[in-house]
Amino acid sequence: MAIHSIKGMRDILPEEARLWQFVERTAREVFESSGYEEIRTPILEETALFRKSIGEGTDIVSKEMYTFTDKGGRSLTLRPEGTAPIVRSYIENRMAADDVVKLYYVGPMFRSERPQKGRSRQFHQIGMEVIGSSSPYFDAGAIFLMTNLFKKLALSDFKIKICSLGCAKDKEKLAKELGAYLTPEKNRLCPDCKTRLKKNVLRTLDCKVESCRSVLRNSPKAKDFLCGSCGGHYKKVKDLLAELKIDFTEDANMVRGLDYYTNTVFEVTHPGLGAQDAIAAGGRYDNLVEDFGGKKTGAFGFALGTERLLMALSSEKKAGPQKKGLDLYVATTGDKMYTEAFKAVIPLRENGIFCEVNFQGRSLKSQMRQANKKEARFVAIFGDEELKRGEVALRDMKTSEQRNVKLSDLAKEVREGL
RNA sequence: GUGGCUAUAGUGUAAUGGCAGCACAAGAGACUGUGGCUCUCUCAGAGCGGGUUCAAAUCCCGUUAGCCACCCCA
């Protein structure tokens, strides 16, 4: 019985991992240059953390979480997103209560959905959270940071949509009015929207079914219910984005699938993906810290889907990082010199020379072929004759020139040749 | 969770229900100690379980996985 990786989870093999490293390295550089620091939280959390933050009525909580009971009878869940664990950690570790805390994270998330293009059960996110302020400068600043990362990655064809949901009171008012508007029209709504009407009215706003869209054309929208300060906040964010020359469109029907969002929400899509075309999304969550027992403080964050970002990048056909060729391939002509070769590469590697040794007893021809395939710049041949004189043959694979060098000078010779 | 499509060497692909081929990759060799080109040889395959049939890669059922869409979302 063969064992396979499980449904919706896959291996990232070396060739692809190089691209992942490139994207993650670039993200770290961009975040750290703006004063963000990495945080690593556990992959398992108490189930209640997600139930309370994401929301009981959401799909993520109601049907997509990997939840199980451990040996101590506790209900644990594999994290489906990154924000809630960070808020938990922020409170638990009493991070800088009177200052703004800027964090970023990189890692796997888990949702038990039916896999399709751009959606797997273990997927990866790169995200940031800035906790401790409700200033619109952080909304715009975070979005700028994201576009800056896209620029560094040479990603260009993305679209940013933004909207504001308002504060908790505004959201409540909107939900009430929207419910009142839709109830008489109930029979014209799709079955999903009928359920949403009871469970989570706001979600009817982004329904794709044509009949629902026409019903909703003149429905109450989030922007109609923004209170004075929320309206001002939203306007300031838009002004700042314009100031930063970031292209965006307003989408009055955008709502997000996580209950904790307030005020600014945004989503970034890319045409190179399939139906799951959001490569990044996020927004403000000014109540979450307080809801978990911290002091009342504003916060903003977003996450990028690493797989989707990679798909977007490859759809734009940008050349990725190339595999680095070997500096030196050490060929051996018999097991007598394995130990000699084994020891010889130690100082080379300490000198930063990227090298490999053959211990497989292949013919010299086969080893040369392999050296060529590995794009080795030099080959050092450890042969009986040469070793007797304390030398090895050093071949330059580019020029095909070959000469004997002292074994003790090998590192120096290779360094000079590179 | 619902629906549609798919499943053949490591990869990509052929074959009216009748001998499973091809290309690339991998390994060995064509100079007794030397790479790229070329040539020769070798290795290696029907996801799994049933059924129909003289005969199944091929038809049918189930299952598993993948893909795509719905839904949802990063």
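Modeller: Contact here says that the C-beta atoms of two residues, placed from the backbone, lie within 7 Å. Helices (H or I, at least four residues) and strands (E, at least two) are DSSP runs, numbered from the N terminus. Before going on, note that this is a predicted model, in which local features need pLDDT of at least 70, side-chain atom pairs count only at pLDDT 80 or more, and totals for chains, interfaces and linings use all residues. Residues are numbered from 1 along each chain as its sequence is written, while chains are lettered from A and ligands numbered from 1 in the order in which they are written.

The contact of helix 1 with helix 5 has 4 nonpolar, 2 polar and 1 charged residues. In this sorting, Ala, Val, Leu, Ile, Met, Phe, Trp, Tyr, Cys and Pro are nonpolar, Asp, Glu, Lys and Arg are charged, and the others, Gly among them, are polar.

Now for the geometry. Two packed helices are described by the angle between their axes and the distance between the axes. Helix 1 (residues 14–33) and helix 5 (residues 136–152) have axes that come within 10 Å and cross at roughly 140°. That is why helix 1 is oblique to helix 5: under 35 degrees is roughly parallel, over 145 roughly antiparallel, 65 to 115 roughly perpendicular, and the rest oblique. Axes are lines fitted to C-alpha atoms, for helices over the stretch in contact, and angles run from 0 to 180 degrees between N-to-C directions. The crossing of helix 1 and helix 5 is right-handed; a crossing is right-handed if the near helix is turned clockwise from the far one by less than a right angle, and left-handed if anticlockwise.

Helix 5 has another helix partner, helix 9 (residues 228–243), and their axes come within 9 Å, crossing at roughly 40°. Helix 5 and helix 9 are therefore oblique to each other, and their crossing is right-handed. From helix 5, Pro136, Tyr137, Asp139, Ala140 and Ile143 meet His233, Lys236, Val237, Leu240 and Leu241 of helix 9. This contact has 7 nonpolar, 1 polar and 2 charged residues.

What else does helix 5 lie across? Helix 5 lies across strand 6, strand 9 (262–269), strand 10 and strand 11, at about 20° to strand 11. These strands belong to an open sheet of 8 strands, ordered 1-5-6-11-10-9-7-8, with mixed pairing. Strand 1 (37–38) and strand 8 (249–250) are at the edges with a single partner strand each, so one side of each has no neighbour in the sheet. Two strands pair if DSSP finds at least two bridges between them. Strand 10 and strand 11 pair in the antiparallel sense over 5 bridges, and glycine 282 has phenylalanine 302 in strand 11 as its bridge partner.

Finally, strand 6 (122–131), strand 10 (278–284) and strand 11 (299–305) are among the elements that each supply at least two residues of the surface near RNA strand B.
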